[in-house]
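Colleague: I would like to go through this model feature by feature. Please give the general idea where there is one, then the case at hand.

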Amino acid sequence: MSWLPSFSPGLDADILLYGEDERKIVEVKGEKEGRKETCPVYYDGESVKGQVVIRAKDGKAVKHDGIKVEFVGSIDLFYDRGNHYEFLSMSQELLAAGELRGAQTLDFEFKNVEKQYESYNGINVKLRYFVRVSIAKRIAEVVKERDIWVHSFVMPPDSNNSIKMEVGIEDCLHIEFEYNKSKYHLKDVIVGKIYFLLVRIKIKHMELSIIRRETTGAPPNQYNESETITKFEIMDGAPVRGETIPIRLFLSGFDLTPTFRDVNKKFSARYYLNLVLIDEENRRYFKQQEVTIYRHESN
């Protein structure tokens, strides 16, 4: 949820969303470090409706030049803070110019809204949907916002091939690794195995990590940031030729999003399985493989 500077001294307002008590709630990173905020979850095609409660404080009449409510979808790039790219904008007038005295409740509804992208809050980019109330005044417009969070379902893929690859260092190390699928839903389990064909270096241990790589902007102003979602050791000690190491990684315990690819030509977020072998001299050998993460209805 994102709140702009508060209303003028004579005005206050709340945005109430219809049926939000019955909706799924998600926690998202707040504007302030370490702070979490909650948002109700909506889906593509759902209406967004509710009420705006506006109060004139102390019973005094407050003049305004009109009140409107908007439903907005925007992409904010943190390195380009002056610009907000709105890919969705709907507006309704709630009140014509006049005076406010006491409290007034105003209904709004944006019917069957197409929400083509899933919400995302990353390192350098945020895709958000929000209801915004604006009161026009002679000196300055006053604004308040209320965020919602959008989840997008996709159908499970028709084809989902396993990943099989060979990795080697000539005359030193040769391994095969296999993952059972290349596409995983958010609550899925990654099952795989690593088979050692040739081992002539002293491997100390092996680890598997999930990496999210976020790309924002376009060349020459393109930014890439990677973060390790999880890392765990899958082998401790030296393997021998012919040994097989099983992999079983449950995704449900991690803070994953679906894969995003070139959303509105502004950003992507992709996932990689990163296999790392470390020898006794702390040299690292690694192989990265991209996988697709998606959300289906049971997520």
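Colleague: Which residues is Arg132 in contact with, leaving aside its neighbours within four places in sequence?

Modeller: In this predicted model, Arg132 is in contact with Lys68, Val69, Glu70, Val72, Glu86, Val143, Lys144 and Glu145. Arg132 lies in strand β11.

Colleague: Is Arg132 buried or exposed?

Modeller: The cut-off for buried is under 20% relative accessible area. Arg132 has 15%, so it counts as buried.

Colleague: How should I read the pairing of strands, and which strands does β6 pair with?

Modeller: Strands of a sheet pair through backbone hydrogen bonds, either parallel or antiparallel. Here β6 and β11 pair in the antiparallel sense over eleven bridges, and Ser74 stands opposite Arg128 in β11. β6 also pairs with strand β7 (residues 84-95), in the antiparallel sense and over ten bridges. On that side, Val69 has Gln92 in β7 as its bridge partner.

Colleague: How many residues of β6 are buried?

Modeller: Ten of the eleven, so β6 is largely enclosed by the rest of the structure.

Colleague: Now the aromatic rings. How many aromatic pairs does a search of the whole structure find?

Modeller: The search finds ten aromatic pairs. A pair of aromatic rings is described by the distance of the centres and the angle of the planes. Take Phe71 and Phe110: the ring centres are 6.1 Å apart and the planes stand at 35°, so this pair is tilted. Phe71 is in strand β6 (residues 67-77) and Phe110 in strand β9, 39 residues apart, and the pair links these distant parts of the chain. Phe71 counts as buried at 0% relative accessibility, and Phe110 is buried with a relative accessible area of 2%.

Colleague: What kind of pair do Phe71 and Tyr129 form?

Modeller: Phe71 and Tyr129 form a stacked pair, with 6.1 Å centre to centre and 20° between the planes. Phe71 lies in β6 and Tyr129 in β11 (residues 125-135), so the pair ties together parts that are 58 residues apart in sequence. Tyr129 is buried, at a relative accessible area of 0%.

Colleague: Which residues do ring pairs link into a cluster?

Modeller: The cluster consists of Phe71, Phe87, Phe108, Phe110, Tyr117 and Tyr129.

Colleague: Where do charged groups sit over rings?

Modeller: The charged end of Arg23 sits over the ring of Tyr42, 3.7 Å from the ring centre. Arg213 lies over the face of Tyr272, at 4.4 Å from the ring centre.

Colleague: Back to β9. What is the strand order in the open sheet of three strands?

Modeller: The order is β1-β4-β9, with antiparallel pairing. β1 (11-17) and β9 (103-110) stand at the edges with a single partner strand each, so one side of each is left without a neighbour in the sheet. From one strand to the next, the twist averages 20°. Strand β4 (residues 48-56) pairs with β9 in the antiparallel sense over eight bridges, and Thr105 in β9 is the bridge partner of Val53.

Colleague: Where does pLDDT stay under 50?

Modeller: Where pLDDT is low, the predicted coordinates should not be read in detail. Here pLDDT stays under 50 over residues 1-7, for which the model has 22 contacts beyond four places in sequence. The protein chain averages a pLDDT of 88, and 95% of the residues score at least 70.

Definitions and conventions: Residues numbered from 1 in each chain as written. Predicted model: local features only at pLDDT ≥ 70, side-chain atom pairs only at ≥ 80, totals over all residues. Heavy atoms only, no water. Pairing = 2+ DSSP bridges. Helix = DSSP H or I, 4+ residues; strand = E, 2+ residues; numbered from the N terminus. Axes fitted to C-alpha atoms, helices over the stretch in contact; angles between N-to-C directions. Phe/Tyr/Trp six-rings, centres within 6.5 Å; stacked < 30°, edge-to-face > 60°. Buried < 20%, exposed > 50% of the residue type's maximum accessible area, 1.4 Å probe, protein only. Lys NZ or Arg CZ within 6 Å of the ring centre and 35° of its normal. pLDDT = per-residue confidence, 0-100. Contact = heavy atoms within 4.5 Å.
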